[in-house]
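This report looks at one residue and its surroundings, and then at a pairing of strands. Please keep the structure in view while reading.

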Amino acid sequence: MVHQILLRRSRYRIHQRAQIGVHMKLYSAGDKGKALCDHCQGLVAATYAYRTVPFSDGEGKARNILVLVCDSCGAVIATPAQSTPAIRAAREVAVKPIELNLPAPFVEALDLAAFRIDPEAATEFRKRLLAYYILETAETEPSQKDLQDRFSRHGEAFRSDAPKRRLSFKVTPRLNNALDHIRATTSLTKTDIIKALVVKIYEDIVQSPSPRDLRELRRLAAVTAA
C-alpha cells in the first residue's frame with residue numbers, strides 16, 4: 001500500500017497510533033498536522049490534501065486519496081486511516097490477464113455449476129466462482145495436495161477431443177499470487193490447475209445432492225450481479 005511504500009514502517013506506525021483508537025478522527029483537506037518528513041529529516045508542519053500517488057513498483061497509482069503533505073517540501077509523508085480502503089482498492093485493480101483454451105466440456109461444466117448456484121448469473125460469475133476455489137485451495141497444503149491428486153485421477157474427466165473454448169478473465173495481484181502459490185506447491189501448469197478446479201467445482205456443486213457452501217456461493221453470485 002502507499003503508506004508502506006512512502007514511509008518507513010516504524011514512522012508510519014507512530015503516525016497511525018495517533019489516529020486509531022476510540023476517538024478516530026475523520027480528516028478533511030486543509031486540516032493541519034505534524035509528522036516526520038524523510039526529505040526534511042525532521043518533524044514538520046503538514047497539511048492534508050488530495051493527491052494521486054504512484055506505487056513504488058510502477059504498477060498503478062492510488063488516485064485522489066487524502067494524504068498528509070509536508071508544508072516545506074511538498075512530499076507525501078503520511079496517510080490517514082480513512083484512505084486505507086481506497087489505497088487497497090487501487091492496489092487490487094485487475095492487471096493480470098489469464099487466457100486459457102480448454103476443451104468445451106470444462107467451460108460448460110463451470111457454467112452449469114454457476115447456473116445451479118444462480119440461474120440468473122452472468123458469465124462474469126465464472127471468474128468469481130473460480131476465484132473462490134483458487135483462494136480456498138491456496139490456503140492449506142491438504143487442499144493443494146487434493147488438487148494435485150484430483151488432476152492425476154480426473155485431469156481429463158471430460159472429453160479432450162471436443163472443440164476448444166477460450167476462458168478469459170483478468171485477476172487481481174492477490175489472486176494471481178494465490179495461483180502462483182498453487183503452481184509452486186503442486187507443479188501443475190495454470191491450465192491444469194483450472195482443469196482440476198473445474199472438476200472439483202463440478203463434483204461439489206453439480207453432482208452433489210447438497211452442494212457445500214451453497215448459501216455462501218449464492219450470496220457471492222448476488223453480490224457479483226449487484
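The side chain of threonine 47 makes a polar contact of 2.8 Å with the side chain of aspartate 71, where a polar contact is a pair of N or O atoms within 3.5 Å, of which, within protein, one must be able to donate a hydrogen and the other to accept it, while residues adjacent in sequence count only if both atoms are side-chain atoms. The model is predicted, so local features need pLDDT of at least 70 and side-chain atom pairs count only at pLDDT 80 or more, whereas totals for chains, interfaces and linings use all residues. Residues are numbered from 1 along each chain as its sequence is written, and side-chain values use heavy atoms, with hydrogens and water left out.

Threonine 47 is buried, with a relative accessible area of 16%; buried means under 20%, exposed over 50% and partly exposed in between, with a 1.4 Å probe and protein chains only. Leaving aside residues up to four places away in sequence, threonine 47 touches Gly30, Asp31, Lys32, Val67, Leu68, Val69 and Asp71, contact meaning heavy atoms within 4.5 Å.

Threonine 47 lies in strand β2, and strands here are DSSP runs (E, at least two residues) numbered from the N terminus. Strands β1 and β2 run antiparallel and are joined by 6 bridges, and two strands pair if DSSP finds at least two bridges between them.

| Strand | Residues |
|---|---|
| β1 | 32-37 |
| β2 | 42-54 |

Cysteine 37 has glycine 42 in β2 as its bridge partner. The hairpin of β1 and β2 has 4 residues between the strands, and glutamine 41 there takes a positive phi near 60 degrees.
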